[in-house]
Amino acid sequence: MKKELLYQGKAKYVYQTDKPNQLILAYKDQATAFNGKKKETIIGKGRFNNLISAKVFQFLHDKKIPSHFIELINDTEQLVEKTMIIPLEVVVRNLATGSIVKRLGFEEKTTFAPALVELYYKNDDLDDPIINDQHATLLTNTTEEEIELIKGLALKINQLLIPYFEQVGVKLVDFKLEFGRNQSGKIVLADEISPDTCRFWDVETNSSLDKDVFRQGTGDLLSVYQEILNRLGEIK
């Protein structure tokens, strides 16, 4: 049962339930980009994010990846285990595009093999700066071993998701993950995995099937999110 609102982020409301160890994530119809500098309400977006993320988290659960996900409740809400979010954004890159091309001069579509893992400090006031492992331990109350665990989980998730999306003609270019500690202190995957947090390209055309169409104003966000949901629905 949904109780009081605990927190409101850019993309989700977080509600307490009648069980102290469980929360409800309610997805908003809000699209944001550039750390919230560009925003727009797009009716129906929350439904797509919720349904897509639930499908991906269920797949990862079946592959024994520990996460906060419990179950899908309805089109816009899911039940999750209560976690204390670690203020890190863990970005896994399979191909060079976006900010890393601008920052470091990689040629567009350069393949990273093995995949590249970057850490960002989750802090809006600082614009989520990129940090190294030592910064991470100092800023996020984590140990070196926990940072290695988080990076290892991120790479394992990448290895699972590449073929998962490839089977429906989607290339996983890069994506952002967040992790938290559950009530027993175990580090688990949290937040969401959706076209908001991933770069998806069509395998044949390299066209964007993610939030880049909103960032860059190159297409209709709902159409590409619907396409991702439709394709994931084909997976048995």
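**Entry 1: the two domains**

I began with salt bridges and counted four between domain 1 and domain 2; the rule is a side-chain nitrogen of Lys or Arg within 4 Å of a carboxyl oxygen of Asp or Glu. Before going on, I noted that this is a predicted model, where local features need pLDDT of at least 70, side-chain atom pairs count only at pLDDT 80 or more, and totals for chains, interfaces and linings use all residues. Residues are numbered from 1 along each chain as its sequence is written, and side-chain values use heavy atoms, with hydrogens and water left out.

I then looked up the bounds: domain 1 is 2-81 and domain 2 is 84-220, taken from an automatic or database domain assignment. Their centres, over C-alpha atoms, lie 18 Å apart.

**Entry 2: where they meet**

How many residues of domain 1 are in contact with domain 2? I got 31, against 27 residues of domain 2, with contact meaning heavy atoms within 4.5 Å. Together the two domains bury about 2,400 Å², 62% of it on carbon and sulfur atoms. That area is the accessible area (1.4 Å probe) that two parts lose on being put together, summed over both.

I also checked one salt bridge, Asp 191 with Lys 12, and its closest N and O atoms are 3.1 Å apart. On the side of domain 1 that touches domain 2, the elements giving two or more residues are β3 (22-27), β4 (30-33), β5 (38-41) and α1. α1 gives the most, nine residues. Helices here are DSSP runs (H or I, at least four residues), strands likewise (E, at least two), numbered from the N terminus.

**Entry 3: helix α1**

I went to α1 next, residues 45-62. Its 18 residues reach 26 Å from first C-alpha to last, close to the 26 Å expected at 1.5 Å a residue; the expected span is 1.5 Å times one less than the number of residues. Why do I call α1 largely enclosed by the rest of the structure? Because 13 of its 18 residues are buried, that is, under 20% relative accessible area (1.4 Å probe, protein chains only). After the helix comes Lys 64, with a positive phi near 70°.

**Entry 4: Ser 67**

I found Ser 67 in the loop between α1 and β6 (69-72). Buried or exposed? Ser 67 is buried, at 14% relative accessible area. Leaving out residues up to four places away in sequence, Ser 67 touches Phe 57, Glu 81, Val 188 and Leu 189. Ser 67 and Phe 179 are 112 residues apart in sequence, yet 8.3 Å apart in space, C-alpha to C-alpha.

How values were computed: Buried < 20%, exposed > 50% of the residue type's maximum accessible area, 1.4 Å probe, protein only.
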